[in-house]
Amino acid sequence: MRLRRRVENGIQDEIRFHLEEHAAKLVAEGVSESEAYRQARVAFGGMETSRDGVRSAVGIRPLDEFFADLRYAARILRNSPGFTAIAAGSLALAIGANTTMFSVANFMLLQRLAVPRATELRMLYHQDQEHSVYHMSWGSWFSGENGLSQSDAFTYPVYQQVRRDLRAAGIELFAFKGLRTVNAAYGGSAQAVQAELVSGNLYGQMETKPLLGRGIQPQDDGAPGSGAVAVLSYGFWQSMFGGSPDVLGKVVRVDTFPVTVVGVNAPGFTGAENVQRSPELFLPMSMIGNLRATLGKEVVLQSNNLGWIQLMLRKPAGMPESVLRDRLNQSFHAAVLATVTPKKGETVPTVVLEDGSRGLAQSARFLRKPIYVLLGLVGCVLLLACANVANLMLARSSNRQREISVRLALGAGRDRIFRQLLVESLLLAAIGGAGGALLGYLGRMGAPALLNTAWDNTAVPVPFSWPVFGFTSAITLITGILFGVAPAWQSTGTDVNTALKQGARSASRRRTAWTGKGLVAFQVAMATLLVAGSALFFRTMMNLAAVHPGFEPAGLLLAELQPPDRQYAGAKSIVLHQQFLERLSAIPGVDGATLAVVPLISNSNWNSGMRVEGDTQANASEDFDPGHSSNFNMISPEFFSVMKIPVIAGRGFTPQDTSTSPYVTVVNQAFVKKFFQGQSPIGKRISDGEHEADGKRIRNWFTVVGVCADTQYSDLRTAPSPIYFTDMFQARDFTPNAQGATYILRSQRSPAELVIAMRNAALAIDPDLPLVNIRTQVQQIADVSRQERMFAALTAGFGLLALALACVGIYGVMAYTVSQRTHEIGIRLALGAERARVRGMVLREATWVAGIGVVVGLAAAIALARVVKSLLYNLNPHVLRNLHHRRACDPVQHGVRQRRREQLAILHQEQVFS
Amino acid sequence: MSDAADLVQGTLELLILKAVSLGPLHGYGILQRIEQLSRERLLIQQGSLYPALYRLEASGALLTEWSTSENNRRAKYYRLSEAGREQLAAETERWSRVARIMSAILRVTEAPAAAGQA
C-alpha cells in the first residue's frame, strides 16, 4: 500500500514537471501562457493511459485491478441480495458443518501432547500370537493392523528389567498407569477424580515444566507405598483450590490415603493417556502399593503374569526406528524369559513401537473410522453446496452475458473478465466462509455432547484452534475456485457478436445446459448418497432401540460404589454392601434394591473360564479349555425381581443361600442351549476354578438351581450370550482388595430425589464412601448406543441439508433451462402443442437428469454401506431399496410454472426484441 | 519536419538508454535529448515515455534520484546503471545487426536463382 502511494505521487510529480517544462519551452517560443499549457497536455497525450502503463511497469496494476474487482464484485452481490443470501447461506452451512467436524477430528485424532518435540514419543505395545505366555491383563487388548492381538499392558518386573537394560544403552523408558476414579477429599469435601500414576522420570522425559512447585521426581518413585506426593492438574487446581498459590504443602486424602501437593501442572499438560482431558491427580508409580496393591490374586508390583503398566520412550535423535525396535525386542525377550517360563506351545510376544505424540490415545483408535466417515460425508455436503452455487452462478451468468459481451467488445481482456468473475466467486466464498467459521465456532460447543457420556460433567469443549481456522480458510478458498471457475470459463468463452444480439441468445444454450445438468445430476447423486447414508444409520439406531434388553429398564437408577481397599478389604466389602443394600431398600418409594458387579449394557463384561461337570471333553486336560468360557455376573439375590428378569425354571437366589451353604448358580437360556444342549440343567454342577483352603486346592462347584430368561449383556448389538450368575453373599474366596459393585434401585420417584436419599444412606455408614456414576438405566442404555445416535443425528442433518441444497439447485437449473427455451415453447404453444405435452417434455428432461443422479448416488451409497458395515446393526444393503422414486416432486414445480406461462406474453416478447 | 518518422516499435527503450548514457537526465530532458539527437525527425508519444522509464527502472537498467533541475525545481533524474550500460551495448549491437540484415534484404532487386526453383 505504501509503495503504491509513493509510486502514484511520483508519477504525479513527474508528469506535472514534464508539462510545466514543456509549457515553459512553448512560452519561450512565443505561445501565450494558457495556450502553452493546453498544447503541452495535448502533446503529452492520454495521461491516465500513461499512468496505467507506469503502474503495470512497476507491478502494482494487478493489485489495483484486484481492488477494483473486489469493489465491483461487492456491488454486484449487493445488487442481488436474494442470490447472495442463498449462495452464501448454503456455503456457510456447508463450511460450518465441515469446520465443526474438522475441529472434532482435529481434537480427537490430530492434536498432539503439549510437550516439546512430541513427535519423538513412542508408545510401546506387545504383539501376541495365539498362544501367548501372557493370559492376564489390566489394560487394553485390541486387534493390531496385522491381525495379531496387541496390548499396551506390561508386567512390572519386565518393565524394571527392560528399563535397566535400556538405560545402559542411553534410552530412558518411562511408565504411566491411568487409575479408574479415585476419591479425593480435601477440607471436608470429597470428589471422584481421575488419577494417573507416573514413573519418576516421566516429567523429565516429557520435558514438561509445572506451573507451580515441582513435578513428580525420580526420588518420589521409590519403594512401593512411598512417595505420598501429588501434582494437580491445572483444571483441578482451579476448581478445588480456586487457583490459590498456597496449595503447595496441602494434604489431600486420596482414597483415604494422605498425600502432599507438591506442584501444579501447566495448563496444557494432559499426562500421557490422551490429549483431550487431563487426569486431576498425578501420583508417583510407587503409590500403586497403596491404591491398587492387588488385582484378583495378583500383587501388581510383583506379578510376573499380570500386565498392567503402560510404557513410553523418547526416540533418541538419529537412531533409526528399526535399530531402536530391535534393541528393545532383544531386551524385552530376555526380560520375559527371565520372569516367566513358557509352557509347551506358548510364545513370547514381540514389542512394537507406535506413535506416542498423542499419548496412549485409546479413544482415537476406535473413533478414527467413524470420524473419517463423517468427515467424508460432510465433505460431500460441501461439494454439493459448491455445485449448487456454481449452478446458481451459471444461471445468473447467462443473464450477465450482455454485460460481459459489452465489456469484451470494449476491449477488456478475457483473462481480465475471467479474473473478475473469479474474484466475485471468492468474495462470495469468503462471506460463506465467515458465516461457516461462526457456525463452526458455535458447533464445537455442541460437539462434546456427542462425544461424552451424559452423566459425565467433565466434558471438555473442543477448542477452536489455528489448524481449524486454517482448514476453514483453505476449504473456503477451494470452494470459491471450485464453483467459480466453471461459470467464469463459460462466460468468457462467449462469442461477442452472437451474444450481443438479443434474438440469438440461445447461441450458447446447449453448452450451458449441459454443464448445468451435469451439476444437477451430481447434486442429486450427492444428496442421494447422503440421504441413503443417513437412512442406514437411522435404521441402525431404530433397530438398536427396538432391541429388548430382556429386563425392564424404565424406573431403574444405577450408582457405583468402589469401597477403598484399606478399610474394606475382602469380606469387609461384602458386609458393607449388605448393610448398604438394607438401607437403600428402606428408602421410602424404593420398590426394590439390588446390586451387580457388572451393570448390564454398559460395555463392560466379565468373562470367566468354566467347565460343566461330566463334560468329558473339557475334563480331558486339567487346564481349562480357553474356548469353554462364559459371561459371568455376581449379583445380590433380589437381582431378578428388581430387574424384572423372569426365572423360567427352578428358583432364583434366596437369603438361605449363605456363605456356609453349598454354592449355587443361576444360568440363562443361552447358557442352557450352549452347554446343556437344551436339556434341563437343574441340579447339574459347573466349576469356575479352584480355591485354596487349609493349604489344599479345592475345586469350586456351583449347583445350577434356576434358569432365567436371556438378557443383553454388555451392549445391544450382540445377540444374548450365555451368562451364569452367582450370589455375592455366598462369596468366601477373598482377595485383600475390596469388591466394588453397581447398585440398582427400582422406584417411581425422580432420580434427583433418590440420589439425595442414597447419599444420605452412604453417609450414615461411612462419610468417605464415594458413590459415583449415578445414572438411570435408560441413560446407561442410551450411552452404549451413543455413537449410533450421533451418527444418525449427524447424517440425518447432513442428509436434510443436502436435500434442501439439491432442491434449490435443481430448481435453479430447471428454471434457467426453461427460461432459455421460452421462444421455443412459445412457438410450440402457438402452433397448437398441448400444454401437457410441453410440460411432459420439461419433466422428462428433469427426470432423466435426476434419475441418473439417483442411480449414481445409490451405487455410491451401497459402496458406503460396505465401508461402514462395522458401524451398522442388523442391516444389509437392501435397505437402500426403500429409497428410490423419492425425487419426483422436484421437477413438477417447473412443469406447473411452465403451464401457466402465457403464450401471448411470450410471443409479445419475441416481437419486441427481434 | 517533412522527413519525420514514427518510432519503430520496441526502440523507445534503446533510445532512452542511449540518451541517458550521455549523462543523467530528468524525464522531459530525455524526451528533448532524443528529439535533439534525431534532429527532431522522430515523433515520440510523450505519454509513452514514462511507462518505459519505469519499466527500465524496475528492471534495474536505470537508477533514479530526486534532485533540483537547472531552473531550481524538484525533478526525478535518471542515470544508467552498470546493468543498463551492458543492456545498451547489447541492444545497440542487436539493432545494428538487424538494420544490416534488413537493408541487405531491401537492397535486393532480383529474385535469387535458388528461390525460383522451390
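Guide: One definition comes before the questions. A residue counts as buried if 20 or more other C-beta atoms lie within 10 Å of its own, as exposed if 12 or fewer do, and as partly exposed in between. Keep in mind too that this is a predicted model.

Visitor: Is A:Arg117 buried or exposed?
Guide: A:Arg117 sits in the loop between α5 (81-110) and β1 (121-128) of chain A. The cut-off for an exposed residue is 12 or fewer C-beta neighbours. A:Arg117 has 12 such neighbours inside 10 Å, so A:Arg117 counts as exposed.

Visitor: What phi does A:Arg117 have?
Guide: Most residues other than glycine have a negative phi. A:Arg117 is not a glycine, yet its phi is positive, at about 45 degrees.

Visitor: Where in chain A is A:Glu207?
Guide: A:Glu207 is not a glycine either, and has a positive phi of about 55 degrees. With 12 other C-beta atoms within 10 Å, A:Glu207 is exposed. Its place is in the loop between α7 (202-206) and β7 (212-213) of chain A.

Visitor: Is A:Ala782 buried, exposed or partly exposed?
Guide: A:Ala782 belongs to helix α22 (residues 777-784) of chain A. A:Ala782 has 17 C-beta neighbours inside 10 Å, so A:Ala782 counts as partly exposed.

Visitor: How many helices and strands are there in chain A?
Guide: Chain A has 914 residues, of which 42% count as buried. Among its contacts with a separation of 6 or more, 80% are between residues 24 or more positions apart. Chain A holds 27 helices and 28 strands.

Visitor: In which sense do β22 and β25 of chain A pair?
Guide: Strand β22(A) covers residues 647-650, and strand β25(A) covers residues 696-708. A:Ala649 stands opposite A:Val707 in β25(A). The two strands pair over three bridges, and the sense is antiparallel.

Visitor: How many bridges join β23 of chain A to β25(A)?
Guide: Strand β23(A) spans residues 664-668 and runs parallel to β25(A). A:Asn668 stands opposite A:Cys708 in β25(A). The number of bridges is five.

Visitor: Over which residues of chain A does pLDDT stay under 50?
Guide: Chain A averages a pLDDT of 81, and 88% of its residues score at least 70. One stretch under 50 has eleven contacts beyond four places in sequence, and this is residues 502-511. Another has 53 such contacts, and this is residues 876-914.

Visitor: Now the other chain. What pattern does chain B follow along the sequence?
Guide: Chain B has 118 residues, and buried residues make up 25% of them. Five helices and five strands are found in chain B. Read along the sequence, their pattern is β-α-β-α-β-α-β-β-α-α.

Visitor: At what angle do α2 and α3 of chain B pack?
Guide: Two packed helices are described by the angle between their axes and the distance between the axes. For α2(B), residues 27-37, and α3(B), residues 46-59, the axes are 10 Å apart. The angle is about 115 degrees.

Visitor: Which residues make the contact between α2(B) and α3(B)?
Guide: The crossing of these helices is right-handed. Its residues divide into five nonpolar, two polar and no charged. From α2(B) come B:Gly27, B:Ile30 and B:Leu31; from α3(B) come B:Gln46, B:Leu49, B:Tyr50 and B:Leu53.

Visitor: Which element gives the most to the side of chain B that touches chain A?
Guide: The contact takes 15 residues from chain B and 19 residues from chain A. The elements of chain B that give two or more residues are α2, α3 and β5 (74-80). By class, the chain B side has six nonpolar, six polar and three charged residues. With eight residues, the element that gives the most is α3(B).

Methods: Residues are numbered from 1 along each chain as its sequence is written. Chains are lettered from A and ligands numbered from 1 in the order in which they are written. This is a predicted model: local features need pLDDT of at least 70, side-chain atom pairs count only at pLDDT 80 or more; totals for chains, interfaces and linings use all residues. Axes are lines fitted to C-alpha atoms, for helices over the stretch in contact, and angles run from 0 to 180 degrees between N-to-C directions. Helices (H or I, at least four residues) and strands (E, at least two) are DSSP runs, numbered from the N terminus. A crossing is left-handed if the near helix is turned anticlockwise from the far one by less than a right angle, and right-handed if clockwise. Two residues are in contact if their C-beta atoms, placed from the backbone, lie within 7 Å. Ala, Val, Leu, Ile, Met, Phe, Trp, Tyr, Cys and Pro count as nonpolar, Asp, Glu, Lys and Arg as charged, and the others, Gly among them, as polar. Two strands pair if DSSP finds at least two bridges between them. pLDDT is the predictor's confidence in each residue, from 0 to 100.
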